[in-house]
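Keep the 3D view open as you read, and find each residue as it comes up.

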Amino acid sequence: MSSTVATNVNRFSADLRDSTSPSRKLRDKLFLSGLWVATLIGVLTLFFLVLSTLLKGYTRLNLSLITNFPSPFPEDAGIQAAIFGSIWVVVTSGIVSLFIALGSAIYLEEFANQSSRFNRLVTLNIQTLAGVPSIVFGILGLAFVARGWLGWGFTVGTASAVLTMMVLPVMIVSAREALKAVPSSLREGSYALGATKWQAISKQVLPAAIPGVATGSILGVSRALGESAPLILLGALAYVSSNPAGFSSDYTVLPLVIMKYTQEAQDEFRAVGAAAIIVLLLLLVGLNLLAIVIRDRSRKSW
Amino acid sequence: MNSVATERVSLQPSGLKARQQRIEVVIKFVLAVIAASGVLITTGVVLALVRPTIDFFQLVGFKDFFLSTEWFPLYEPPDYGVWPLVIGTFTVMLIAVIIAVPGGLAVAFFLSEYASPKVKRYLKPLLEILAGVPTVVFGFFALNFIAPNVAQKIWVFSEVGFYSALAAGITVGLMILPMMTTLAEDAMAAVPRALVDGAYALGATKREACTGVILQAGLSGIIAAGVIAMSRAIGETTIVLLAAGSTANFSFDPGVPMQTMSSFIGFAGLGDQPTGSTGYMTIFAVGSMLFVITFGLNVFSRRIVTRFREVYE
């Protein structure tokens, strides 16, 4: 590094002599305009994404969209089954993955020796899982959950299990962060009063970590709500004309019903897809607002 | 005197304490089992992929897989030459990275050196929203907006159809842009402020501080971020499946439809392949390739950070 700094220093002192040179100013301006262009592309992407979807879908943004089931006539086609399917799958995987993530995080942060082999192995595995493309989780679900070992078929239960595995790395990482943020004085204070380890964790550390855990799991749940790739392999890309009645029901979810309508040749069906996107985006915005409210309400300084 | 004091410290009756301790041991054990589930899932992924992949290669053979340029595994007679998928994956990934890596770097420079706190306050939430948009929505955006208004307008070398690798690549790039921005910002924040201030003290302009100091001192983190962006682009399924069509063309022209490894898996999964059929095993063979490539890239990215990080102070 020292050599890099040295060369930089040389260059700057050389530049100082012609600090007002037009070419240097021009390059500064070109650089800044490049940065502006990139930033604008990011902002415009969001703008056009929302605008083009609204323009396409606003004609179908009515109550029949969320009360109706699929129909051969685009003006009657609705997404009720997908909304209920999404609720079933997302709530189930949210609750299950919250329990597993919290348990893992408590063990890894509070009980295990931070440098133990087990701890490092689990951490490495979570890192690996976080980088696995989501479609691969679909393959895992296809091999062991839908068919093979568990053989649950293409059902709500299968989709929930696969999404649980998919959001688990994110949830564990955020739960660990939340536990780390609880100051150790809280634990030590409990021990000093005679509490055992578990008493300190369950009565002091966990209540203090709840806001952080809640924010993290809401973000995990929004990922599950928007995820489509693994469920393509698990039979969700279909028109389903009834709401799920249990874990062994057929299902579809919002992202997959959007995909289905997007693939239709008829423009009126694509409008249904666009309207469904708006419903999905509104749900996601609502979840994120909830996370922000929790974060702000509980901002505590120790 | 001392021993009396220690006995009195225990606030609970000793019988209760012994029971509590037994419960603690059980709780610790249960939590350890839960924590091991991460290992279980990774093992599950590997196990799910290995067996059908071995079966696949016993049936098809490496020669047909790696030395043929025709990919029609679900047709009769089938062809198993994987190169069209590799070319398609590479093309889409390259287009996406060309957009996301310089773009994300530029936005990160803008945020860390140029933007006023006020601009930052509006820009960062916008980028967070963009990062949270589901990929299926980007897929719709690719067909509805990017293909007709961007891909077909900017590509002058050939006719761009409704489905094209170009539209898919551009959209994947835009999807990854916020993630690349965040990772590059983190890498830049790791550069000690004294180094940057030193450059300013020597008369450097903001551009010179960016390209001469921040870029170079944070290079390992930035390259690692770029590698992660590549891995994300390779693994993206839904956008590509929707926007690049379902034909595995052996072509280097981004204006034509293409299939990537991940979009093939999604496509094959649509047509309910019977368990044990060659079509079913193809999903796993391609999935293994995808897993190995993305895993390799992620490990590589972590290596870069730990090996080449400049440690200051």
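Let's begin inside one chain. The centres of domain 1 and domain 2 of chain B, taken over C-alpha atoms, sit 32 Å apart. Keep in mind that this is a predicted model. If you want to find the two domains, domain 1 of chain B covers residues 16–60 and domain 2 of chain B covers residues 71–308, according to the domain assignment.

**Where the two domains of chain B meet**

How many residues does each domain bring to the contact? Domain 1 of chain B supplies 10 residues, and domain 2 of chain B supplies nine. Between them, domain 1 of chain B and domain 2 of chain B bury about 870 Å², and carbon and sulfur atoms account for 88% of that. On the domain 1 side of chain B, three residues lose the most area to domain 2: Leu49(B), Pro52(B) and Phe56(B). Together these three make up 52% of what the domain 1 side buries.

What about charges and polar groups here? There are zero salt bridges between domain 1 of chain B and domain 2 of chain B. You will find two residue pairs in polar contact between these domains, counting pairs with both residues at pLDDT 80 or more. The touching side of domain 1 of chain B splits into eight nonpolar residues, one polar and one charged.

**Where chain A meets chain B**

Now step back and look at both chains. The size of an interface is often given as the accessible area lost when the parts come together. For chain A and chain B, that buried area is about 7300 Å², with 74% coming from carbon and sulfur atoms. In terms of residues, 80 from chain A are in contact with 87 from chain B.

Two salt bridges link chain A and chain B, and the interface also has 13 residue pairs in polar contact, both residues being at pLDDT 80 or more. Which part of chain A gives the largest share of its touching side? That would be helix H2 of chain A, residues 22–57, with 19 residues. Sorted by class, the side of chain A that touches chain B holds 51 nonpolar, 20 polar and nine charged residues.

**A tour of the salt bridges**

Over all chains, the count comes to 10 salt bridges. Here are some of them, with the distance between the N and O atoms.

| Residue pair | N to O distance |
|---|---|
| Arg24(A) and Glu208(B) | 2.6 Å |
| Arg207(B) and Asp28(A) | 2.6 Å |
| Glu185(B) and Lys124(B) | 3.4 Å |
| Asp197(B) and Arg193(B) | 3.6 Å |

Take the pair Arg24(A) and Glu208(B), which forms a salt bridge. Arg24(A) is in helix H2 of chain A, while Glu208(B) is in helix H10 of chain B (residues 206–217), so this pair joins two chains. Are these two residues buried or exposed? Arg24(A) is buried, with a relative accessible area of 4%, and Glu208(B) is buried too, at 2%.

Next come Glu185(B) and Lys124(B), whose side chains meet in a salt bridge. Glu185(B) belongs to helix H8 of chain B (residues 165–189) and Lys124(B) to helix H6 of chain B (residues 117–132), so the pair ties together parts that are 61 residues apart in sequence. Glu185(B) is buried, with a relative accessible area of 15%, whereas Lys124(B) counts as partly exposed at 34%.

Finally, look at Asp197(B) and Arg193(B), another salt-bridged pair. Both are in helix H9 of chain B (residues 193–201), and because they are four residues apart there, about one helical turn separates them. Asp197(B) counts as partly exposed at 39% relative accessibility, and Arg193(B) does too, at 42%. Salt bridges can also share partners: Arg24(A), Asp28(A), Arg207(B) and Glu208(B) are joined into one network that way.

**One more charged residue, in chain A**

For a last stop, find Glu110(A) in helix H4 of chain A, residues 80–111. Glu110(A) is buried, with a relative accessible area of 8%. What does its side chain pair up with? The side chain of Glu110(A) makes a polar contact with the side chain of Arg187(A), at 2.8 Å. Leaving out residues up to four places away in sequence, Glu110(A) touches several others, including Leu179(A), Lys197(A), Ile201(A) and Val205(A).

Terms used:
Residues are numbered from 1 along each chain as its sequence is written. Chains are lettered from A and ligands numbered from 1 in the order in which they are written. This is a predicted model: local features need pLDDT of at least 70, side-chain atom pairs count only at pLDDT 80 or more; totals for chains, interfaces and linings use all residues. Side-chain values use heavy atoms; hydrogens and water are left out. Domain bounds come from an automatic or database domain assignment. Contact means heavy atoms within 4.5 Å. Buried area is the accessible area (1.4 Å probe) that two parts lose on being put together, summed over both. A salt bridge is a side-chain nitrogen of Lys or Arg within 4 Å of a carboxyl oxygen of Asp or Glu. A polar contact is a pair of N or O atoms within 3.5 Å; within protein, one must be able to donate a hydrogen and the other to accept it, and residues adjacent in sequence count only if both atoms are side-chain atoms. Ala, Val, Leu, Ile, Met, Phe, Trp, Tyr, Cys and Pro count as nonpolar, Asp, Glu, Lys and Arg as charged, and the others, Gly among them, as polar. Buried means under 20% relative accessible area, exposed over 50%, partly exposed in between (1.4 Å probe, protein chains only).
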